[in-house]
Amino acid sequence: MSSPLGNIIRPVVMTAVSAEQPDRAWVDVDVAALLRNARRVSAVSGGRLLPMVKANGYGLGAVPVARALEQLDPWGFGVAGPGEGGELRNAGITRPAQALPVVI
């Protein structure tokens, strides 16, 4: 049975690899699939999205992920704190940056 949200993990478009451990695991994310799935979530929810780009876009780069998702008119972007929000601002992304820090 397939997920109603589809599969965002597909070969090569954005790649997250640790510079310190380049022979460790990595993920390749197909940006078109990411956008397709985000559109599905938005359509099902009936609202605007608040995509999480915290932790450097979970290793993919917050700025490239946010730029890719800009075309979907999200409400804003979820970040871990002010520093990550500042990175988006410095890159010219002007949507709200909602800080969602880790709570233990």
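The following legends describe several close-up views of a predicted model.

Residues are numbered from 1 along each chain as its sequence is written.

**View 1. Overall fold of the protein.** The protein has four helices and four strands, where helices (H or I, at least four residues) and strands (E, at least two) are DSSP runs, numbered from the N terminus. The order of these elements, starting at the N terminus, is β-β-α-α-α-β-α-β. Of the 104 residues, 34% count as buried; buried means under 20% relative accessible area, exposed means over 50%, and partly exposed lies in between (1.4 Å probe, protein chains only). The accessible surface comes to about 6,600 Å², and 59% of that surface belongs to carbon and sulfur atoms; accessible areas come from the Shrake-Rupley method with a 1.4 Å probe, and for residues only the protein chains shown count as cover. Among contacts between residues at least 6 apart in sequence, 50% join residues at least 24 apart, a contact being heavy atoms within 4.5 Å.

**View 2. Confidence along the chain.** The average pLDDT of the protein is 80, and 74% of the residues score at least 70; pLDDT is the predictor's confidence in each residue, from 0 to 100. Over residues 1-13, pLDDT stays under 50, and the model has 27 contacts beyond four places in sequence for this stretch. Where pLDDT is low, the predicted coordinates should not be read in detail.

**View 3. Surroundings of Arg95.** Arg95 lies in the loop between α4 (82-90) and β4 (97-99). With a relative accessible area of 17%, Arg95 is buried. Leaving aside residues up to four places away in sequence, Arg95 touches Arg48, Glu70, Asp73, Pro74, Trp75, Gly76, Phe77 and Arg89. The side chains of Arg95 and Asp73 are joined by a polar contact of 3.0 Å. A polar contact is a pair of N or O atoms within 3.5 Å; within protein, one must be able to donate a hydrogen and the other to accept it, and residues adjacent in sequence count only if both atoms are side-chain atoms.

**View 4. A network of salt bridges.** Arg48, Glu70, Asp73 and Arg95 are linked in a network of salt bridges, each defined as a side-chain nitrogen of Lys or Arg within 4 Å of a carboxyl oxygen of Asp or Glu. Side chains of opposite charge can pair when their charged atoms come close. By this rule the count comes to three salt bridges. In one of them, the closest N and O atoms of Arg48 and Asp73 are 3.3 Å apart. This pair links distant parts of the chain, with Arg48 in the loop between α1 (31-45) and α2 (54-58) and Asp73 in the loop between α3 and β3 (77-79), 25 residues apart. Asp73 is partly exposed at a relative accessible area of 39%. Arg95 and Glu70 also meet through their side chains in a salt bridge (3.0 Å, N to O). Here, too, distant parts of the chain are linked: Arg95 is in the loop between α4 and β4, and Glu70 is in the loop between α3 and β3, 25 residues apart. Glu70 counts as partly exposed, at 26% relative accessibility.

**View 5. Helix α3.** Helix α3 (residues 62-69) is mostly covered, since six of its eight residues are buried. These buried residues are Ala62, Val63, Val65, Ala66, Ala68 and Leu69. An α-helix has 3.6 residues a turn, so residues three or four places apart point the same way.

**View 6. The loop between α2 and α3.** Leu60 is found in this loop. Leu60 is buried, with a relative accessible area of 18%. The C-alpha atoms of Leu60 and Val29 are separated by 8.4 Å, although the two residues are 31 residues apart along the chain.

Notes:
Side-chain values use heavy atoms; hydrogens and water are left out.
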